[in-house]
Amino acid sequence: MGNFQNINTLATEGIKNKKAYLVGGGVASLAAAAYLIRDGHMDGKNITILEESNIMGGSMDGSGNAKDGYVVRGGREMEEHYECSWDLFSKIPSLSNPKQTVLDEFRELNTADPNESTCRLLHNCGEKADFSSLGLNDLHIKQLTMLLLATEEDLGTTTVEQYFDPSFLETNMWCFWRSMFAFENWHSVVEMKRYMQRFMHLLPGMSHMKNIMFPKYNQYESMILPLQKWLESKNVVINLHSQVTDLDINIDSYKKTVTAIHLLHNGKEEIIHTTQNDLVFVTNGSMTENSTIGSMNKPAPVNRGPAGCWDLWKNIAKKDASFGKPEVFCSDIDKSKWESFTITSTDSKIADLLKELTGNDPYSGKTVTGGIITIKDSSWLLSLTCNRQPHFIAQPKNVLVIWAYGLFPDNIGDFVKKRMCDCNGEELVTELLYHMGKKDDIPEILKNVNVIPCMMPYTTSQFMPRVKGNRPAVIPQGSTNLAFLGQFAEIADDCVFTVEYSIRSAMMAVYTLLHLDKKVPEVYPTKYDIRVIAAAAKTLYSGRPLPGEMIVHKLLKNTTLENLI
């Protein structure tokens, strides 16, 4: 979206008489509410958010304290070209400095303290592994090139391990990729293709995680809370403990209209009646539904029971094929789960170890690990990160918060001879410290840490192999007042498992249902930029000459494109 499209919208006729109901309190719903007010000119008091839990933010969380331990279920990597996200947060005031926006604060921080990993891989109990290149051969590069050119229809439900030669799965690139994005071998190669073309401009910095950005504090306090406070200042109604169980939808051959919302509010059945004049936004599916928390002495169990958000989508999907197929994503927990754990530490040995590995002082307030450090030879495929400290606004100066996760929770540990999913917090950090070369210091370090495990049954469900129609369109065909939001709505070319995807769905939903004369910013078109393609190709070859490079140099010599490759 160029500046010519960056206009102030006119109010839709009848907007004063409309009401909006947003099912789910994640960032997609919060963003939709903001756009309803900002560009849709809807009065905040006519907007109601219905959230089943006791807190807003969905998967973008951060909670706890230094005494009881902090909890961060997952993290979000950001980048410059999150066009919808930065459009939204360019208008939301920062909580720490109301004269700045969240975007102002974010950009200022990441410009002054740019991210770069100085220790991306470990192996052999604390030894740095070589991460200078992607480690690809000509066959891998050919397969990656063909994947980029293939259509999603032709790829269908092909998985990563079905598409690539087995040797690709042993490369540095796949190690970087699956640990950074939480991809499994059995996940959709279509989603991998989308990531390749969406973030091709980041490929040259992939091994060192350059141009990746992080907020000042955890994602809840840095992004969700300022957005929520702004919505509350506009009188948006937020109803917690409100679990929507079903929608009544009138469907004829041409139109689909939500006529009622069924919910349990504090355990009591209620019905909200709606008309075609009202708007209903549903976050269908959830990555963090049925998450469970453990402790130092107790594992986090796998919750395979009823899942409210998924059950709602199933009930809606029964009514019409255009509402998607939730079972594609939520029916195999063992292929979509992994476990994270948050370490709250006052131990000097951990601080010294982080400084030794990265060259960065954890107490400096600047970047520490520069993204995740992955332990290549861990049977759980452990990764850890220590973001800028303090990671929580009220975090004491002598406390560090470290986040770690394992992609293979059903595997037996290398030092702790148990499945990761059966381990308590003490056992999880023991396995991590062993792989970091601190085996002899484990008993002493354990005296000064609190570790809280978190099991998430559906956290990579959005990567399950799927085909067109499995995810509903943001606005299903014929819908008069219903939109789907979040990671399980279909948005062409963009990538799930990102904040940008959720906020883009919100923007699309509001602009379309209100018929606003304003365009949603296009997905950053790196795949059409010859400069980006050339830089990515050079990265894939890791310094080796590109095919035909000498001929191209001769053709371009003494032209304006001479320095293209």
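Is Phe-497 buried or exposed? Phe-497 counts as buried, at 16% relative accessibility (buried means under 20% relative accessible area, exposed over 50%, partly exposed in between, with a 1.4 Å probe and protein chains only). Before the views, a word on the model: it is predicted, local features need pLDDT of at least 70, side-chain atom pairs count only at pLDDT 80 or more, and totals for chains, interfaces and linings use all residues. Residues are numbered from 1 along each chain as its sequence is written, and side-chain values use heavy atoms, with hydrogens and water left out.

**View A. Phe-497 and His-41 both have a positive phi.** Phe-497, with phi near 70°, sits in the loop between β18 (482-485) and α15 (499-513). Helices (H or I, at least four residues) and strands (E, at least two) are DSSP runs, numbered from the N terminus. For His-41, phi is about 60°; this residue belongs to the loop between α1 (27-38) and β2 (47-50) and is partly exposed, with a relative accessible area of 36%.

**View B. A cis peptide bond joins Gln-389 and Pro-390.** Its omega is about 0°. Look for Pro-390 in the loop between β15 (382-385) and β16 (400-406). Most peptide bonds are trans, and most residues other than glycine have a negative phi.

**View C. Gln-143 is a buried residue of helix α4.** The helix spans residues 138-149, and Gln-143 has a relative accessible area of 14%. Its side chain reaches the backbone nitrogen of Asp-165 at 3.1 Å.

**View D. Three strands form an open antiparallel sheet in the order β8-β9-β10.** The edge strands, each pairing on one side only, are β8 (242-251) and β10 (268-273). Two strands pair if DSSP finds at least two bridges between them; β9 (residues 256-265) and β10 pair over six bridges. His-262 stands opposite Ile-271 in β10.

**View E. The largest cavity has a lining of 10 nonpolar, no polar and no charged residues.** Here Ala, Val, Leu, Ile, Met, Phe, Trp, Tyr, Cys and Pro count as nonpolar, Asp, Glu, Lys and Arg as charged, and the others, Gly among them, as polar. On a 1 Å grid over the protein atoms alone, a cavity is a set of points where a 1.4 Å probe fits but cannot get out, and lining residues have an atom within 4 Å of a point. About 70 Å³ of space lies in this cavity, the volume being the space filled by probe spheres set on the points. Among the lining residues are Ile-343, Leu-384, Ile-402 and Met-436, while α12 (348-358) and α13 (425-435) each supply at least two.

Methods. 1 Å grid on protein atoms, 1.4 Å probe; cavity = no way out; pocket = protein on both sides within 12 Å on 5 of 7 lines; lining within 4 Å. Polar contact = N/O pair within 3.5 Å; in protein donor to acceptor, adjacent residues only side chain to side chain.
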